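Here are my notes for you, as promised. Have the model open beside you and click along as you read.

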Amino acid sequence: MLFLAKASGQKPFWIRKVSEIRTACAGGMVALCGIFGAVLRTGDAAPVVHRALERLEYRGYDSVGIATISKGGLEVKKDRGSIRDVDLRLHLDEMDGSVGVGHTRWATHGMPSLENAHPHLSCKGDVAVVHNGIIENFLELKRELEGRNHLFRSRTDTEVISHLVEEYLADGEDFAESVRLAARRLEGSFAIAAISTARPGSIVCVKKESPLVIGLGSSSNYCASDVSAFLPLTRKALFLEEEDLAVLESDQTQLINFRTGQELEREVVDITWSPEDATRSGYKHFMLKEIHEQPPAIRNVLRIQPIYYDLMASKLEKAEQVFLLACGTSYHSCLAASYLFTRLAKIRTQPVIASEFIEQYGHTIDKRSVVLAVSQSGETADTLEAVRFAKSAEASVLGITNVMGSTLTRLSEVYIGQNSGPEIGVAATKTFTSQVSVLTRLALVLAEKRRTISEDEMTKLKDGLLGIPAAMEEVLSVGPQVRELARKYRDRSSFCFLARGINVTTALEARLKLLELSYIPSLAYPAGESKHGFIAVVEPRFPVIFVAPRDEPYHNTVGNVMEMKARNASTIGVIESGDEKLKELLDDFIEIPVRVIDLLTPVIYVIPLQLFAYWMAVERGCDPDRPRNLAKSVTVE
Ligand code: AGP
């Protein structure tokens, strides 16, 4: 083991570029929980951990917990609820010990509850673990550990870690080595901070995919999900990298690679951000941060356990009629799903705007009906009212949501948590592409069950879906061009989005983003429908934005571009890279630098349009995170 840094006499600090630190901060991961640890030379850690968790609460806020080590052993306080509510009940500052770890949760596995709140303990209660991320192989590890008489108290994936560490301690390994050996058994994403009575003066933390950063104090050291947690305590940070394991003590930090055991050195960075900037990982607004969180958010969708899809698919398969119901952006996900279910699984579904469900279909709902409700918040009143109506008619209710423990999860027979992490910006971005990706996987599971597409096509689609996060990373590089485009068109008084096929969804979503963020009255149509009305309002310089991948209906879309050009509209296109025909025809265009399978294009082609709405709002002096008259979750009918 190598001593990396001592509080005094450390190496001069280098100012790293903001983009580098942004990436290190986000760690290419969606904020799914907040973890923090403190090792103090003197004083109690609990109040320090408590304050830091408050600064991390934007990362998850459905339950909280702290564990400290004092002469008496491990002390734990945890419960379901916000930090403030839990503190009122449990008095989180009143815990002894100068070493402590804490966690504020965004549930992915196991409903928000006292049992599922972190920290999680070993059987003997001598190891406490907090974790951010998703352990993909937790089910098989749990079975193995139960086979060795370990008793599990929660339904979380995280708890396997404390029992694994306990196993290695029982084999005579020291604490740091036990955590290292446990980490080598885990698959998925994890930032872990662990403490144990086996080594009371230290915290052992591990990073793989999920973000984890060390804060170096003069007589204390910290670990946290992001720098905002310890910025008021120190500005000296050490960003852990993939497979790093750090052993923190009050005056020193040791670093190794947990897979190889090799000793490591990492550069210490001087953070110049304000705490507010830090919570946005250096982005100006949460919306822009969340647009950039889409690649890891989709990686999380791809980690959802197959069993949930199988359960949901078996319900859908038996249905006589399937309704996909939601509001706003979530409704657009349902619309995309209707194309996917028909095309892949040969299942006809009815996408419905929730507030019209009862009026439009109420009289046809019965026990042979299945309602799949989609809601980021899981609390939208119109969606819940429609769901309750369907239940009263004995229909089966399924749910897709981003909030475990929300009302929709309680009303659903089967639900899938989309794992996008908290979305702070009112405008839905990462939750839209996550929902569409969950629905795409569900359509593929149904197609596999019903053998409705060839193995070759199935493989292509599965590989295509696995490739979406990387494709998104490439598409995010068009940001500066989109900003220029928004600046050029910022004075236009209206826009219209046109598209064909599954990208009608993308056009509708782009329109919703633009009008809810920049307040510009805008339209969106299936391009074929534009000749039946919309074209009447087209006049010179009227901006018409086309979503135009080179897919099945491409040639018809080119025809629509010609129609608009004939009326001197300003024609703008989100097109495939190298599409010389449309580049020649259009006044402006954004080229998508990757080729994806037609049915997967909405989650890629929507990104430049999310950015267009964002930059248009900024150009027009609107607040992209808090648009007027809107709420993140509309809980009134
Ligand atoms: C989208 O940007 C809006 N925030 C809004 O339309 C939203 O999609 C709608 O209110 C539905 O919310 P839900 O997904 O939480 O049910």
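Predicted model: local features only at pLDDT ≥ 70, side-chain atom pairs only at ≥ 80, totals over all residues.

1. Since five of the five residues of β11 (220-224) are buried, the strand is largely enclosed by the rest of the structure. The cut-off to remember is that "buried" means under 20% relative accessible area.

2. Next, the neighbours of β11. With β2 (residues 34-40), β11 pairs in the antiparallel sense, and five bridges hold that pairing. To find the spot on screen, pick cysteine 223 in β11, which is the bridge partner of glycine 37. β10 (residues 213-216) also runs antiparallel to β11, with four bridges between them. Here leucine 216 is the residue opposite asparagine 221 of β11. Follow the chain from β10 to β11 and you'll go through a hairpin of three residues.

3. Zoom out and you'll see the sheet that these strands belong to. What is the order of the eight strands in this open sheet? It reads β4-β3-β5-β2-β11-β10-β12-β15, and the pairing is antiparallel. The edges are β4 (73-80) and β15 (268-270), each of which pairs on one side only. From one strand to the next, the twist averages 20°. Another pairing to look up here is β3 (residues 63-70) with β5 (residues 99-104): they run antiparallel and share six bridges. Within that pair, glycine 65 sits opposite histidine 103 of β5.

4. Within the parallel sheet, have a look at β18 and β19. How many bridges join β18 (residues 369-375) to β19 (residues 396-401)? There are six, and the two strands run parallel. Two places to check are valine 374, whose bridge partner in β19 is isoleucine 400, and leucine 372, whose partner there is leucine 398. β19 is mostly covered, with six of its six residues buried. Ser396, Leu398 and Ile400 point one way from β19, whereas Val397, Gly399 and Thr401 point the other way.

5. On to the ligand. How many residues surround the ligand? The answer is 15, and the closest are Ser330, Ser375, Ser377, Thr380 and Glu516. Sorted by class, the shell holds six nonpolar, seven polar and two charged residues. Two helices, α11 (328-345) and α19 (504-518), each supply at least two residues of this shell.

6. How much of the ligand's accessible area does the protein cover? It covers 92% of the 410 Å² that the ligand has on its own.

7. Finally, two loop residues. Aspartate 226 is in the loop between β11 and β12 (236-239). Its relative accessible area is 2%, so aspartate 226 counts as buried. The side chain of aspartate 226 makes a polar contact with the side chain of serine 228, at 2.3 Å. Glycine 467 lies in the loop between α16 (455-466) and α17 (468-475), and at 32% relative accessibility glycine 467 is partly exposed. The C-alpha atoms of glycine 467 and valine 596 are 8.6 Å apart, though the two residues are 129 residues apart along the chain.

Conventions. Residues numbered from 1 in each chain as written. Heavy atoms only, no water. Near = heavy atom within 4 Å. Areas by Shrake-Rupley, 256 points an atom, 1.4 Å probe, with all protein chains shown as cover. Nonpolar A, V, L, I, M, F, W, Y, C, P; charged D, E, K, R; others polar. Buried < 20%, exposed > 50% of the residue type's maximum accessible area, 1.4 Å probe, protein only. Pairing = 2+ DSSP bridges. Axes fitted to C-alpha atoms, helices over the stretch in contact; angles between N-to-C directions. Polar contact = N/O pair within 3.5 Å; in protein donor to acceptor, adjacent residues only side chain to side chain.
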